Amino acid sequence: MSTTSFYDERRKDKSAERAEDRLDRLTEREEERKERAARAEEERKERAARAEEERRLRRERDREKARRKAERKAARAEWFAKLGREGDTVGAMIVMACGIVPALYFQLRALNGENLPGIISLCLAVMLEAGAWVATVSGERAKREGRPVGRFRVVMWACATFAAVINYSHAPKSPGGWLAWVLAAASYAGVFFWEVRGWGRHGISATRTKAQRREDRRRRRHDRKRRRRFPTVYSRYTDILTAHPFGTIDTEEAWRTAWRDEHGAELATTARVVARRGHADKALAAAHGVGVETLAVEQLLGDLFPPDGGDDGPAARRSSGGPAGGPSKGGRSVKTLGRKGKQALGRVAGRTAPKVPDRPLDAAHIAQVRALADLLGGAAHLSVKNVRQTIGGGNYRYAMRLRDHVKAKRKNAR
């Protein structure tokens, strides 16, 4: 290789190196530019995020400020509204304070004049004023709840009167004694104007009417009589009420259950009562000249078959006096029974009676019983009792024949 070629190659190599260096520098500068652009973008985003966060915080502060402002405004409005609603209370409390302070001062002065220790005078004076106010507030609560307030008013006015007497009798001398009257009125002023406030709010009368309060008093007296007269039944009664959840059992039903548990009978019936009834039945049977069993049958038949003058005639009237030739002292005789009762009683006594022919069935009665069967949902629901009620009473056998007739017709119609 010639010298010229060597130098040419070298120049080419250096030229290539310089081109590579330029390219590297351009590449580095481009990378640096990109890095600067990326950092600038990141900084821009951070600034935008900080600005957005500041705007969000500012909006939250503004909202919180507006909320607190609205709350303060609502609280002020509520306070003014409550002040308007409680204007009578505010006025009454001002009057109370203006009445209590001078009344308390002159009570302390009067009590100290009796050479009492200061703490004793203070306790006595506060006792009178506080006692009046305890009764006043308790009466106000009772009035709201509809309970009687009479006893609270008595205590309230008694305490106020006692304080007024002390103030009146120990008031400083004044022309005409007007100051004594003013101090006595000061002892009444607080409770009186609080009572006026109550009139304006609740009315003069309590929530319950006078009739309701009277009914409640009668109910309480009745409950006390039960507790004193029947202690064992009352104890069982309270056990039943306590064992059940409150309000789930009626009090009168609990009392009936307690009576049955203690006496094994219905209300107002005890073993002693049953024994007395037995003695009374024996005395009545002896008065009629028959046995107890005969009298029991007579009474049963009299209840089942009221006297109606026979199968066809109208119901006979029971004689108010005793029958001729029989005992007339309190009670029924055999002659007061209807025909069926006479027959039954005759069978008990070993006698028989002739039968009366049955009267024919009335077409109107048949129609009424048919309508009753339709109303009840079938002739199977017919009974002698409801048939007699439908036709307006009458003979027991006649009603039975009516029922059987309608049942037979319905059965044949199928």
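The following legends describe close-up views of a predicted model.

**View 1. Helix H4 has a buried side and an exposed face**. Helix H4 covers residues 150-169 (helices are DSSP runs, H or I, of at least four residues, numbered from the N terminus). Buried residues (under 20% relative accessible area, with exposed over 50% and partly exposed in between; 1.4 Å probe, protein chains only) are Met156, Cys159, Ala160, Ala163, Ala164, Ile166 and Asn167. They lie on the same side of H4, because they cover an arc of only 160° around the axis (taken from the directions from the helix axis to the C-beta atoms). The face turned away from this side carries Arg151, Val154 and Phe162, which are exposed.

**View 2. Tyrosine 168 and tryptophan 181 form an edge-to-face pair**. Seven aromatic pairs are found in the whole structure (ring centres of Phe, Tyr and Trp, the last by its six-membered ring, within 6.5 Å; planes under 30 degrees apart are stacked, over 60 edge-to-face, the rest tilted). Tyrosine 168 belongs to H4 and tryptophan 181 to helix H5 (residues 178-202). Tyrosine 168 is partly exposed at 39% relative accessibility, whereas tryptophan 181 is exposed at 56%.

**View 3. Phe230, Tyr234, Tyr237, Trp255 and Trp259 form one aromatic cluster**. Tyrosine 237 is buried at 7% relative accessible area, and tryptophan 255 is buried at 3%.

Residues are numbered from 1 along each chain as its sequence is written. Local features need pLDDT of at least 70 and side-chain atom pairs 80 or more, while totals for chains, interfaces and linings use all residues; side-chain values use heavy atoms, without hydrogens and water.

Technical notes: Helix = DSSP H or I, 4+ residues; strand = E, 2+ residues; numbered from the N terminus. Expected span 1.5 Å × (residues − 1).
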